[in-house]
Amino acid sequence: MAIEHIPNEYEEDAFGGMLINTQQFFENIEALSRRILNENDVQVSAITVSGARQTFFLVDRDNQILFGIPNIDNRGEQFVQEFDQQKELVSSSTAREISADFLAMKLVGLNRNRPDLYNKVKSFTSLSEVFALIFCGQLIIEPSQAVETQMFDLYEKKWNQKVVDVFGLEQLSFPNIVSSGTVFEIQDKNALARYGIKNESCKFVVGGADTQLAIKAVTSEDDENELYLVSGTTSPVCIRSSVPAKYRDCWLDLDLKGERYILEFNPGVTGLNYERSKQLLSAEANYSELEKAIDLFHKPKAIASFTTQSFQSDTGVKKLGGFFMSSPLSAAITKKDLIAGIVYDIGFAISKKVKQLEVDTAQKHNAIVACGGGMQSSVLPQIIANLTQKRVLIFSDFKEPSILGCLKVIEEKLHGSASNIERKIEFEYLPQSSGSLMQAYREWNEIGIGLKQI
């Protein structure tokens with residue numbers, strides 16, 4: 001498996017917005033694909049794509065791609081409160097509170113502060129299905145991505161025009177809903193050449209949202225009895241469900257194909273906090289060096305509260321966070337102590353969501369199946385195991401589970417089974433008792449409750 005990374009580059013504007021320059025974005029991917037395929041003599045039989053949720057590409061009336069709008073675009077946040085009167089209508093259909101996270105409010109913000117761009121928009125597709133448009137001329141979207149627009153009725157499995165009208169987005173037309181695993185013939189042979197693919201009989205297989213594909217990578221399709229942690233930029237704690245149950249502070253998602261549901265308890269930005277704190281405070285150190293200084297049997301010197309979903313403000317103002325420690329400031333506090341506080345914050349927030357999930361759903365789980373780049377940490381899964389008193393199981397190829405999920409989609413569709421992909425435990429973290437850790441967790445929790453009231 002050849003894995004390469006391209007850093008995301010965004011165009012930021014004065015309205016809290018971020019846009020993806022599509023020409024640069026796709027040229028970077030094309031060049032990387034050509035290089036990888038030139039270095040590895042392989043026959044590409046199928047293309048499928050995993051896409052970050054809440055990232056979309058907007059198209060004009062001729063289905064030409066205009067630009068991308070990423071998950072971190074918050075231009076709609078300043079207008080959310082204008083829709084308080086309609087929030088019940090929206091949430092009853094979409095199972096989510098109105099939020100700038102989703103495409104509908106991103107487009108509201110675009111309409112208000114960049115009408116020159118908005119007026120060109122006729123439709124949209126997701127980061128994963130935009131490649132169906134490029135290779136096959138198909139304007140489609142997978143159900144696991146459609147629910148991230150907040151214009152899709154999660155219960156009826158169709159676009160909801162009443163919700164669209166609430167947001168004033170009547171000019172939109174909508175992509176067709178197509179299930180993960182659907183196969184399309186490649187229509188644009190020039191696109192294959194741009195990506196360095198020489199096999200003109202190559203097929204396009206619809207993938208879907210990254211979290212759902214990651215879950216697919218580490219479980220069987222019929223298993224609803226496991227608790228999943230997909231740790232990346234965010235770290236949602238999830239279970240599969242055949243019924244659309246809804247709980248407080250929980251997102252109800254559609255699984256791949258839209259046939260089942262996923263209950264998602266998400267602490268919000270987690271892994272990104274760790275990465276940014278390291279870059280800011282100790283860029284020269286590697287992660288293993290930083291984590292060697294963390295002793296889970298001694299109380300941390302600094303407690304951090306930066307996760308975005310664990311303690312949402314009751315007042316609706318921008319979320320607050322910070323570092324908290326004994327006063328006056330001790331000379332013994334180091335940069336590594338502050339980074340350790342971020343690691344604890346992530347572990348505490350995830351553990352809180354695990355506890356909330358089990359109380360709300362009245363379900364008990366003996367283990368947490370974890371995957372994603374965040375599980376490269378040796379401390380984080382141990383914090384979670386200790387606080388939840390559950391085994392944390394990490395399977396092989398855990399760092400890029402969405403890619404493995406894509407492979408399973410292709411194997412099942414083209415070969416009838418993915419039985420050749422082994423589900424093997426690589427690491428197992430067993431619960432340990434630590435009074436200091438529990439005390440730190442309680443203090444962290446009280447700090448978060450206080451911040452919520454500000």
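Reply: The model is predicted. Helix α12 covers residues 335-361, and at 1.5 Å a residue its 27 residues should span 39 Å; the C-alpha atoms at its ends are 40 Å apart, which agrees. Most of α12 is covered, with 22 of its 27 residues buried. After the helix comes Ala362, which has a positive phi, near 55 degrees.

As a general matter, nonpolar side chains in soluble globular proteins tend to be buried together.

Helix α12 also takes part in a charged contact. Asp360 forms a salt bridge with Arg248, with the closest N and O atoms 3.7 Å apart. Arg248 is in the loop between β16 (237-241) and β17, while Asp360 is in α12, so this pair ties together parts that are 112 residues apart in sequence. Arg248 is exposed, since its relative accessible area is 53%.

By the rule used here, the count of salt bridges is 22. Another of them joins Arg53 to Glu264, where the closest N and O atoms are 2.6 Å apart. Arg53 lies in the loop between β4 (50-51) and β5 (56-59), and Glu264 lies in strand β18 (residues 261-265), so the bridge connects parts 211 residues apart in sequence. Arg53 is buried at a relative accessible area of 8%, and Glu264 is buried at 1%.

Arg96 and Asp253 also meet through their side chains in a salt bridge, at 2.1 Å from N to O. Here the loop between α2 (87-94) and α3 (103-113) holds Arg96 and strand β17 (residues 251-254) holds Asp253, so parts 157 residues apart in sequence are tied together. Arg96 counts as buried at 1% relative accessibility, and Asp253 counts as buried at 1% as well. Arg53, Glu264, Arg96 and Asp253 belong, with Glu148, to a network of linked salt bridges.

Asp153, in strand β9 (residues 152-153), is buried without a salt bridge; Lys158, the nearest side chain of opposite charge, is 7.0 Å away. Beyond its neighbours within four places in sequence, Asp153 is in contact with Ser93, Lys158 and Asn160. Tyr155 sits in the loop between β9 and β10 (158-159) and is partly exposed, with a relative accessible area of 31%. Not counting residues up to four places away in sequence, Tyr155 touches Ser92, Ser93, Ala95, Pro244, Leu252 and Tyr261.

Three strands form an open sheet with mixed pairing, in the order β3-β13-β12. β3 (46-47) and β12 (183-185) are at the edges with a single partner strand each, so one side of each has no neighbour in the sheet. β3 and strand β13 (residues 203-205) run parallel and are joined by 2 bridges. Within this pairing, Ile47 stands opposite Phe204 in β13.

How values were computed
Residues are numbered from 1 along each chain as its sequence is written. This is a predicted model: local features need pLDDT of at least 70, side-chain atom pairs count only at pLDDT 80 or more; totals for chains, interfaces and linings use all residues. Side-chain values use heavy atoms; hydrogens and water are left out. Helices (H or I, at least four residues) and strands (E, at least two) are DSSP runs, numbered from the N terminus. The expected span of a helix is 1.5 Å times one less than its number of residues. Buried means under 20% relative accessible area, exposed over 50%, partly exposed in between (1.4 Å probe, protein chains only). Lys and Arg count as positive and Asp and Glu as negative; His and the chain ends are not counted. A salt bridge is a side-chain nitrogen of Lys or Arg within 4 Å of a carboxyl oxygen of Asp or Glu. Contact means heavy atoms within 4.5 Å. Two strands pair if DSSP finds at least two bridges between them.
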